[in-house]
Amino acid sequence: MTGGLPRVRILSEEFTDAPYGRFAALRQESPVHYDPEVDCYFVSRHHDVRRVLTDHATFTSEPLQVRAEPVMRGPVLAQMTGAEHSAKRKMVVRGLTGASLDRHVREIRANAEELLRPFMDTGRVDLVNDFGKPFAIRSTLDVLGLDKGDWRRISGWHRAIAEFIGSIAMSRERRHHSLECSAALEAYLLPVIEERRARPGDDLISHVCARDADSAAMSTREVTALVINILVAAAEPVDKTLALLFRHLIEHPEQLAQVRKDPRLLRNAIAETLRLTPPVQIIPRQAVTAADVSGITIPADATVFCLIGSANRDPAAFASPDAFDLHRGDLGAARSFTAAAQHLAFGAGLHMCVGAAFSRMQIETVADLLLQRMSAIRLPTDFGYRETGLYLRGPEALPLEFTPRPEPSRNLSGAARGRSSPTPSPGIRPSTEEGPPWP
Ligand code: 2IO
């Protein structure tokens, strides 16, 4: 059935350049859209995306076997099921919570301070390329307990692996490059994993190497795949989310002023950023049997791409869905980082992002620090904003101009104000856009 349906070519430039403008038509006219060029069904309505992600009997994460496994050197968490899945998920959670979390918060702040310092003299920083990307990698290396001195090398491998995962179609040359980089990363990790087995520390690699009551010890291949999985999943969305958050706040100065006045609103702003502009735009699934979705039959074995950026702007789920509003009542900021989230930026169901709560703390900590150090944040008047990517999407660059504020004295940091979160709170302090320079 083709008559009357919009001819949407997902891989076309018109689509990739401005996907949000096209989602409304897709949701209305072709909510389950077959694109012969990529031989996939694109699901765009909020209700349908949630159904595909939570109906585990009908839709599996099988596509990751070809979309991820080659560069992950083995199966990732999202491919696993049953006891293996819950045991491994638990190990990752253990590395991100409790005493580890306190350490991660300190490391996140230290990484951010160090990366920002060279830009404090000039009052200019590209939040994506100068700050966000190195920050994402270095924070992730801290979590994994890898050597931050190697961040440039690891960053290069990471970029090629992320390109593989985020490509719907890829040239032979690029594919070859990604596979080479992932082999190089594996070779780099092998001696580290052996070392952590022999002398476990308090890092995530040691945690996943450890044998525990309800699971057998993992093979080195399993550990390698899990480490690469965490490296990519924890680093890839960070610079994008951070830059998108700042872009939305700069475009809505009244909301930025409110966040500066009451830093507890930062959480709302992050949740709303993830809803409006999710960094992970596509989650792939495969139909086990033929399934009816919005009146269209998806045949057995078909690949299904859930369009997260579209689901999150479905007017059936959110009022005025294209507006950035950190106060929106239909978002539920407090539950936005849990399985009860209304937006779908972290997915849904059994495979919902295991790092959701951690990422909230991470972005909140770094954004709070940036807001403390920078006042009068603006974009250069001649700057042409551009987002790239269809699968993983974010700003190409975000060159900020700002008025630097000095670092507060050490003994003052860590003063948390009226937070209700059970996790340790970053040192969030109120300030105003017009107020005197810190302190
Ligand atoms: C790493 C794609 C950034 C995941 C992926 C192959 C599997 C899985 C996701 C997220 C985000 C990354 N998929 N994380 O979409 O682990």
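The model is predicted: local features need pLDDT of at least 70, side-chain atom pairs count only at pLDDT 80 or more, and totals for chains, interfaces and linings use all residues. Residues are numbered from 1 along each chain as its sequence is written, and side-chain values use heavy atoms, with hydrogens and water left out. The ligand sits in the largest cavity. Helix H12 (residues 220-251) gives the most to that cavity's lining, with 9 residues.

**Ligand shell**

- Ala68, Met72, Ile165, Asn229, Ala233, Glu236, Val280 and Leu392 surround the ligand (a residue is near if one of its heavy atoms lies within 4 Å).
- Taken alone, the ligand exposes 380 Å², and the protein buries 82% of that (accessible areas by the Shrake-Rupley method with a 1.4 Å probe; for residues, only the protein chains shown count as cover).
- A polar side-chain atom of Asn229 lies 2.9 Å from a ligand oxygen atom (a polar contact is a pair of N or O atoms within 3.5 Å).
- H12 supplies the largest share of the shell, 3 residues (helices have at least four residues in a DSSP run of H or I, strands at least two of E).
- The shell holds 6 nonpolar residues, 1 polar and 1 charged (Ala, Val, Leu, Ile, Met, Phe, Trp, Tyr, Cys and Pro count as nonpolar; Asp, Glu, Lys and Arg as charged; the others, Gly among them, as polar).

**Largest cavity**

- The count comes to 4 cavities of 30 Å³ or more (on a 1 Å grid over the protein atoms alone, a cavity is a set of points where a 1.4 Å probe fits but cannot get out).
- About 1,100 Å³ of space lies in the largest cavity.
- Its lining has 49 residues (each with an atom within 4 Å of a point).
- Asn229, Ala233, Pro237, Val280 and Cys353 lie nearest the centre of the largest cavity.
- This lining divides into 35 nonpolar, 10 polar and 4 charged residues.

**Largest pocket**

- The largest pocket holds about 750 Å³ of space (a pocket is an open set with protein on both sides within 12 Å along at least five of seven lines).
- Of its 33 lining residues, Lys133, Arg159, Ala162, Glu236 and Lys240 lie nearest the centre.
- H8, helix H9 (151-165), H12 and strand E11 (394-395) each give two or more residues to the pocket lining.
- H9 gives the most, with 8 residues.
- The pocket lining divides into 14 nonpolar, 10 polar and 9 charged residues.

Technical notes
A polar contact is a pair of N or O atoms within 3.5 Å; within protein, one must be able to donate a hydrogen and the other to accept it, and residues adjacent in sequence count only if both atoms are side-chain atoms. A molecule sits in a cavity or pocket if more than half of its atoms lie within 2 Å of its grid points. Grid points are joined across faces, edges and corners, and a volume is the space filled by probe spheres set on the points.
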